[in-house]
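Keep the structure open beside you as you read.

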Amino acid sequence: MDLIHRRAPDYVLLFAIIALIGIGVVMVYSASSIVAQDQVGDSAFFFKRQAMWAAAGFIALLVVQRVHYEKLRRITPALLLIALTALVLVLVPGVGRVVGGARRWISLGGPFAFQPAEAAKLALVLYLANFLSNRGPAAAEFRRGVLPPLIVLGMMFVLILAQPDMGTALLLALVTVLLLFMGGARIWHLAGLAFAGAPLVAIAVFGADYRRQRILAFLNPWGDPQGSGFHIIQSLLALGSGGLLGMGLGNSRQKFFYLPERHTDFIFSILGEELGLIGTLAVVLLLAVVVYRGFQIARRAPDQYGALLAGGITGLIVLQAVLNIGVTTGLLPITGVPLPFVSFGGSSLLVMMIGVGIVLNISQYTGSRDRGIAGSSQVT
């Protein structure tokens with residue numbers, strides 16, 4: 001059995017996260033100042049809230065980073081139950097807050113609210129890592145290894161779709177497939193799931209008029225430039241206007257009520273407009289560093305649970321980033337998924353930073369082996 005040595009956390013990963021959050025806080029202020037002044041009379045309203053959540057998230061990251069990841073196994077069932085309960089409660093009138101026609105937030109008093117779907121992402125990763133590592137070779141069996149995670153995913157998928165939030169529901173499905181693959185599920189099981197799930201996703205997409213319009217807008221945004229295609233056209237105009245070096249920080253034109261969701265789902269477009277291709281590439285590079293270091297930590301983890309946990313959290317970050325950037329650049333239909341660590345949103349930022357804290361804790365423990373996902377060791 002291999003010896004595990006405790007070392008310093010992965011500072012490269014930590015510094016990349018801090019840089020992304022710093023860029024995000026600045027861009028939230030730049031992108032939201034006009035709408036904040038118009039709506040609440042305070043141009044720094046969203047900036048102050050994001051900065052506060054960033055500070056709270058950093059404290060949470062430091063706390064979680066000091067807790068051995070194996071201890072998370074004990075509270076995983078409770079966290080999963082809390083996440084599912086919150087997903088139910090958010091749908092209850094009077095409990096869930098409706099914004100823009102969607103019931104996704106639970107009020108915390110005053111202007112503060114929490115989005116249960118964000119917590120559900122991390123809860124699902126914790127559950128899958130714990131379940132699959134406990135199953136061992138049985139993870140390759142459909143009934144014992146694949147079916148139970150599908151049941152949990154199905155419950156979350158239906159509850160989140162009811163909010164409605166198709167983007168997050170699809171993200172959870174992708175993360176589940178990734179972790180099943182990492183945990184040893186057979187390829188033909190996963191291929192069969194994709195084949196069986198595709199018609200269900202198609203029904204969910206085309207069964208709602210606004211989702212159907214998003215698909216049509218993705219295929220031809222200029223077919224309805226003032227309607228369903230408005231978001232993506234304005235996003236592309238912002239990115240195109242930035243050129244190589246951008247128009248300068250704070251000089252966006254699209255934030256003047258042209259581009260919707262400018263400081264949330266489409267903040268990457270404003271970043272491209274103000275900081276140009278150089279700015280967008282800097283963010284993509286930082287995200288690439290996070291993904292590379294995260295999967296390296298997963299590869300070197302001392303046991304399967306740590307490997308699955310680090311890989312799942314890293315996969316969640318990269319998949320969410322790909323979905324967001326794909327939408328803003330017109331490569332994917334609009335999904336309403338924020339850009340990790342950059343978009344405005346306290347729930348997303350807090351949960352993501354807690355997730356990074358877990359990965360940083362795993363990075364402190366390495367064995368003498370280098371055998372990828374599988375393997376086990378004794379902590380000393």
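The report below covers helix packing, aromatic rings and a few backbone details of this predicted model.

## Helix H5 and its neighbours

Let's begin with helix H5, which covers residues 142-161. Two packed helices are described by the angle between their axes and the distance between the axes. Keep both values in mind for each pair below.

Take H5 with helix H6 (residues 166-183): their axes are 9 Å apart, and the packing angle is about 170°. Angles over 145 degrees count as roughly antiparallel, and therefore H5 is roughly antiparallel to H6. On the H5 side, the residues making this contact include Gly-145, Pro-149, Leu-153 and Phe-157. Among their partners on H6 are Met-166, Ala-169, Leu-172 and Thr-176.

## Two roughly parallel pairs

H5 also pairs with helix H7 (residues 187-206), where the axes come within 13 Å and cross at roughly 15°. These two helices are therefore roughly parallel to each other, and their crossing is right-handed. Where do H5 and H7 meet? Phe-142, Val-146, Leu-150 and Leu-161 in H5 touch His-189, Leu-193 and Ala-204 in H7.

Now turn to H3 and H5, whose axes come within 9 Å and cross at roughly 25°. That angle makes H3 roughly parallel to H5. Is the crossing of H3 and H5 left-handed or right-handed? The crossing is left-handed. H3 contributes Leu-80, Ala-83, Leu-84, Leu-87 and Val-88 to the contact, while H5 contributes Val-152, Met-155, Met-156, Leu-159 and Ile-160.

## Aromatic rings

A pair of aromatic rings is described by the distance of the centres and the angle of the planes. How many aromatic pairs does the structure hold? There are 7 of them. One of these joins Tyr-69 and Tyr-365, with 6.2 Å from centre to centre and 65° between the planes, an edge-to-face arrangement.

Tyr-69 lies in the loop between helix H2 (45-65) and helix H3 (72-89), whereas Tyr-365 belongs to strand E5 (residues 365-366), so the pair ties together parts that are 296 residues apart in sequence. Are these two tyrosines, Tyr-69 and Tyr-365, buried or exposed? Both Tyr-69 and Tyr-365 are buried.

Elsewhere, Phe-45, Phe-46 and Phe-344 are linked by ring pairs into a cluster. A ring can also have a charge over it: the charged end of Arg-73 sits over the ring of Tyr-305, 4.0 Å from the ring's centre.

## Backbone details in the loops

Next, look at the loop between H5 and H6, which is the place of Pro-164. Gln-163 and Pro-164 are joined by a cis peptide bond, with omega about -5°.

The loop between helix H9 (230-242) and helix H10 (267-300) holds Phe-257. Phi of Phe-257 is positive, near 65°, although this residue is not a glycine. With a relative accessible area of 45%, Phe-257 is partly exposed.

Glu-261 also has its place in the loop between H9 and H10. What is the phi of Glu-261? It is positive, about 50°, in a residue that is not a glycine. Glu-261 is partly exposed, and its relative accessible area is 40%.

Key. Residues are numbered from 1 along each chain as its sequence is written. This is a predicted model: local features need pLDDT of at least 70, side-chain atom pairs count only at pLDDT 80 or more; totals for chains, interfaces and linings use all residues. Side-chain values use heavy atoms; hydrogens and water are left out. Rings of Phe, Tyr and Trp (its six-membered ring) pair if their centres lie within 6.5 Å; planes under 30 degrees apart count as stacked, over 60 as edge-to-face and the rest as tilted. Helices (H or I, at least four residues) and strands (E, at least two) are DSSP runs, numbered from the N terminus. Buried means under 20% relative accessible area, exposed over 50%, partly exposed in between (1.4 Å probe, protein chains only). A charge sits over a ring if NZ of Lys or CZ of Arg is within 6 Å of the ring centre and within 35 degrees of the ring normal. Axes are lines fitted to C-alpha atoms, for helices over the stretch in contact, and angles run from 0 to 180 degrees between N-to-C directions. Angles under 35 degrees count as roughly parallel, over 145 as roughly antiparallel, 65 to 115 as roughly perpendicular and the rest as oblique. A crossing is left-handed if the near helix is turned anticlockwise from the far one by less than a right angle, and right-handed if clockwise. Contact means heavy atoms within 4.5 Å.
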